[in-house]
Amino acid sequence: METSTVAPIYVSMPNSEKVITEIGKRIEEAKKEVNGQDVDVIEITLPPINSKHYLSILEDIHNALAHTERIGEKLFIKLDDGNKVDVHEELKNELKNQLPNTWWVRNKVTCVVNGNGYIPDVGAWKKKPTYKQRTFPIIYSCPPPLIWIEVVYNRKKDREHAMSNIQLAKPHCARTEFLIVALALSIKLHPDNPNPRATSVSVGAPLNARPHQGPYIGYWPSCVTYNAVRWYKISWNKYLDIGYNVRIDFNVILNQLTDDDEDDEEEYDDDNDDDDEKDNDDEEEEDDDDEDEDYEEI
């Protein structure tokens with residue numbers, strides 16, 4: 001018997017509504033479990049799906065629920081606020097200004113890597129995905145970008161979810177440049193640029209381990225292992241050169257974390273910005289030590 005070469009066709013399934021309704025209930029239950037605390041990512045288990053219509057139902061879920069990633073049989077709903085969105089937008093504009101006009105640069109486009117559905121906060125594709133891939137990215141397998149940026153707050157669940165995504169996707173994206181931007185979690189402002197007329201310079205050599213406080217950036221060049229991540233503090237008047245002749249200007253990120261209209265006495269406070277929530281100081285400190293060992297550059 002010959003193997004079928006018929007391309008997949010998207011057809012909205014009547015029983016998708018039941019699955020989506022169940023997902024909605026699980027999301028609400030997850031929100032109740034956090035008891036009003038701020039959350040960055042909601043994780044739920046995907047309800048059982050008829051294997052015959054698996055991809056079509058996943059496409060319906062993608063169309064019904066914004067910012068929902070699927071990793072295996074888990075769904076992750078990414079909750080972004082104004083600060084993250086502002087950084088997404090500015091980084092997208094930076095890439096568009098530097099890359100050739102033939103590149104396609106967007107925020108929050110679903111792509112498929114090794115069967116999983118990811119939503120990079122910022123993505124740049126050298127070749128624009130096809131119309132079908134852009135419209136129905138799950139069933140027509142929209143390819144991953146060549147520049148993939150995640151923007152998170154520097155607290156455990158948000159940060160670790162993004163880093164886990166990079167770790168899972170990276171072996172299948174040999175030509176992709178991955179970055180994670182970790183923002184400080186604070187109601188206070190970042191200090192203004194002390195020398196706004198200065199010419200920015202290279203950030204220099206990477207740190208030996210991930211910083212404990214944001215803002216900072218992690219960079220995985222293409223064709224390196226996950227453990228070869230390079231960590232840098234995000235400081236005024238510095239930049240980081242990455243592949244495809246792109247330069248990440250740290251001022252572009254920091255400008256989104258300041259506000260000239262605020263009172264002068266408003267000062268930056270990073271007490272709430274740490275690796276993890278400090279409910280269990282000893283346990284978290286031990287976890288951080290382990291993480292630093294895992295993510296050191298090799």
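Helices (H or I, at least four residues) and strands (E, at least two) are DSSP runs, numbered from the N terminus. The structure is a predicted model, in which local features need pLDDT of at least 70, side-chain atom pairs count only at pLDDT 80 or more, and totals for chains, interfaces and linings use all residues. Residues are numbered from 1 along each chain as its sequence is written, and side-chain values use heavy atoms, with hydrogens and water left out.

Lys-92 belongs to helix 3. Its relative accessibility is 14%, and Lys-92 therefore counts as buried; buried means under 20% relative accessible area, exposed over 50%, and partly exposed in between (1.4 Å probe, protein chains only). Leaving aside neighbours within four places in sequence, Lys-92 is in contact (heavy atoms within 4.5 Å) with Val-105, Arg-106, Asn-107 and Val-122. Helix 3 itself has 17 residues and spans 25 Å from its first C-alpha to its last, close to the 24 Å expected at 1.5 Å a residue; the expected span is 1.5 Å times one less than the number of residues. Besides Lys-92, the buried residues of helix 3 include Lys-84, Val-87, His-88, Leu-91 and Leu-95. Viewed down the axis of helix 3, the buried residues fall within an arc of 135 degrees, so they line one face of the helix. The arc is that of the directions from the helix axis to the C-beta atoms.

The largest nonpolar core has 31 residues, and those with the most contacts inside it are Leu-240 and Ile-248. A nonpolar core is here a set of buried Ala, Val, Leu, Ile, Met, Phe, Trp, Tyr and Cys residues joined through side-chain atoms within 4.5 Å. At least two residues of this core come from each of helix 3 (82-98), strand 7 (122-125), strand 8 (147-153), strand 9 (177-183), strand 11 (216-220), strand 13 (238-242), strand 14 (246-249) and helix 6 (250-254). Strand 8 gives the most to this core, with four residues. Not counting residues up to four places away in sequence, Leu-240 touches Leu-179, Val-203, Ile-217, Tyr-219, Tyr-232, Val-246, Arg-247, Ile-248 and Phe-250. Another core, of 21 residues, lies apart from it and has Tyr-118, Val-152, Tyr-216 and Trp-231 among its members.

The loop between strand 10 (201-202) and strand 11 contains Pro-215, and Gly-214 is placed in the loop between strand 10 and strand 11 as well. The peptide bond from Gly-214 to Pro-215 is cis, with omega near 5 degrees. Gly-214 is buried, with a relative accessible area of 4%. Its C-alpha atom is separated by 6.1 Å from that of Asn-154, and Gly-214 and Asn-154 are 60 residues apart along the chain.

Positive phi values in residues other than glycine were examined next. Ser-141, in the loop between helix 4 (131-135) and strand 8, has phi near 50 degrees. Ser-141 is partly exposed, with a relative accessible area of 38%. Asn-245 has a positive phi of about 60 degrees although it is not a glycine. The position of Asn-245 is in the loop between strand 13 and strand 14, and at 75% relative accessibility Asn-245 counts as exposed.

In the segment before helix 1 (16-33) lies Asn-15, which at 33% relative accessibility counts as partly exposed.

A search of the whole structure finds zero disulfides, a disulfide being a pair of cysteine sulfur atoms within 2.5 Å. Cys-111 is in no disulfide, and the nearest cysteine sulfur, that of Cys-142, is 6.3 Å away. Cys-111 is buried, with a relative accessible area of 0%, whereas Cys-223 is exposed, with a relative accessible area of 65%.

The mean pLDDT (the predictor's confidence in each residue, from 0 to 100) of the protein is 84, and 81% of its residues reach 70 or more. Over residues 262-271 the pLDDT is below 50, and this stretch has 19 contacts in the model beyond near neighbours in sequence. The pLDDT is also below 50 over residues 277-298, a stretch with 35 contacts in the model beyond near neighbours in sequence.
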